[in-house]
Amino acid sequence: MKPVELHVERGRLKATGDGSWVGEAPYGGLEDLAETVGTLSREMPRARWGRRPSVRITIHPPVAQTRTLEGLPSLRPGDLRALVAEQASRFFRGSRDELVTNAGRQPGTSGNVVRAAAVDRHTLELLIGATRDSGLSVGSVGTPVDGAWLELLPERERAEQRRRRLRSLALHAAVVALAWLATAGWYVASLRTERQRLDRELAALRPATTALASLDRESRLAARMLQAVEVSRADYLRLLAQLHAVILALPDSAYLTTVSLSARGPGSVTGMARRPTEGLSAFRAQAGLADARLKTAGPHIPTPQAPWGEFTIQFGKDTVK
Amino acid sequence: MTQRERRVVLGGLALSLVALAGTRLIPRLVHWVAQQRAEVAALSQLALRQRQAIASGAQVSDSAASQRRQLEALGAAVLAAHSDEEALEELSLRLGTLARRHDARLERTEPMADSLRVGFLRRVTIRTAIESDLTGLLDLLHSLGRDSTALGLSALRIAAADPQSLPTAPEVLRSELTISGWYVSRQEPSP
């Protein structure tokens, strides 16, 4: 947004506002200066919302007195301003108490050249007061001297401006902090609400889940018990099947003396045969005894003195872990 | 105290408060909020799982009902006993009855150490020596399977009483059977 400017010339006020707005109004003397400022301000287009527009007031000579001073001692800027203010009546028309002054060294000049400006305190206060009364805020008051800007806003006003800026900053910070606090508070409150809702829901579900868990536990236990009995039954059937397989596998040319069977381990048979290897083949031919192996065997060729040879056949694997 | 001094003191106080909030208060607050968030997420998951479990409760009930029926059937298949001693006695008694029915002679019965427990069920095992012929032994073994009690046979050893006997001599087999049975214990079920 383009800043609003108010130019104070002798007998005339000019104002430039937002966009291309330009206003001009004459004034007779100090007595109607405030009213003229008010008139111009009212005509100035303004945004309906937002901050009060800040005005830069430029006081042109001869309303402001400007001087180029030479021969002043080489001083720091603050001291130089104090010196000019102290000796205002020496450099400007009017007394020290009636004037608001400012001074600054002119950059880019050789030697000790100082620019100085002064404005009548009463005029200045009138301008500032009228501007404020019109709903505008005074950003700066000064006069151009040799192309450079010399600020003429009184120290009291500057301090006031600083205070206002600080207050505004503090207000903004407080608003932001409050917004954050409100957001955080809302979030925490929603968390607490959700937590309470979940607690209530879990409490309502507890009897059902406890009953289900108990049922599940009982069900698992029952399944394990049934399985254990089933395993016993399966062991019995396996062993019976082995015994049948042994009986069926035994050839006519052999007989058994010992049968040893185990539901979970290897089994063995011991017996007598004319040809033990024949017995082994018959065993291997039986389902369930396919892995039968000859453990010990008597003489391969039976003699009339010993027509039968002893043999031991083993089968099955140890399945006990 | 001048205005400037007051400003310095107030500024220092404000800075201290900001530092305290930045290094202690806010991190703790953030940690607490994160913790609350995690707890709410965990509770939400828990509630979801419990709702699903309850929704599938009908299946569990069906499964439990089916197992209950099987367990009721199992009631008839276990030994009528409440202790190891009673169970061993019952098992020996049943075996003796079966042996007599199939012309087998029960020579001896001795209990074997068995600590197997499944839930309320407890297993007892005996080793028994029987004298019979092959037909009598096979009938006895088949009767074991037909018995309403869930008897288990885990080992069997058969030996001819006299291997050198003539083929015309009567067949005599000495068998050792390791037989197990289950009973319902009064003690707490095993986990």
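Helices (H or I, at least four residues) and strands (E, at least two) are DSSP runs, numbered from the N terminus. This is a predicted model, in which local features need pLDDT of at least 70 and side-chain atom pairs count only at pLDDT 80 or more, while totals for chains, interfaces and linings use all residues. Residues are numbered from 1 along each chain as its sequence is written, and chains are lettered from A and ligands numbered from 1 in the order in which they are written.

**Helix packing between the chains**
- Helix H5 (residues 155–249) of chain A packs against helix H1 (residues 3–55) of chain B at an angle of about 30°, the axes being 9 Å apart; axes are lines fitted to C-alpha atoms, for helices over the stretch in contact, and angles run from 0 to 180 degrees between N-to-C directions.
- H5(A) and H1(B) are therefore roughly parallel to each other, a term for angles under 35 degrees.
- Residues making this contact include Leu191(A), Leu198(A) and Leu205(A) of H5(A), and Val40(B), Leu43(B) and Ala47(B) of H1(B); two residues are in contact if their C-beta atoms, placed from the backbone, lie within 7 Å.
- The residues of this contact comprise 14 nonpolar, four polar and five charged; Ala, Val, Leu, Ile, Met, Phe, Trp, Tyr, Cys and Pro count as nonpolar, Asp, Glu, Lys and Arg as charged, and the others, Gly among them, as polar.

**The wider interface**
- In total, 38 residues of chain A are in contact with 43 residues of chain B.
- H5(A) supplies the largest share of the chain A side, 30 residues.
- That side divides into 22 nonpolar, seven polar and nine charged residues.
- E10(A) pairs with strand E4 (residues 152–160) of chain B in the antiparallel sense over five bridges; pairing requires that DSSP finds at least two bridges between two strands.
- Thr258(A) stands opposite Ala159(B) in E4(B).

**Chain B**
- Chain B contains four helices and five strands, in the sequence pattern α-α-α-β-β-β-α-β-β.

**Backbone features**
- Pro61(A) and Pro62(A) are joined by a cis peptide bond, with omega about 10°; Pro62(A) lies in the loop between strands E4 (54–59) and E5 (64–70) of chain A.
- Asp146(A), which is not a glycine, has a positive phi of about 50° and is found in the loop between strands E8 (137–145) and E9 (148–151) of chain A.
- Asp103(B), also not a glycine, has a positive phi of about 55° and is found in the loop between helix H3 (84–101) and strand E1 (105–112) of chain B.

How values were computed: Parallel < 35°, antiparallel > 145°, perpendicular 65-115°, else oblique.
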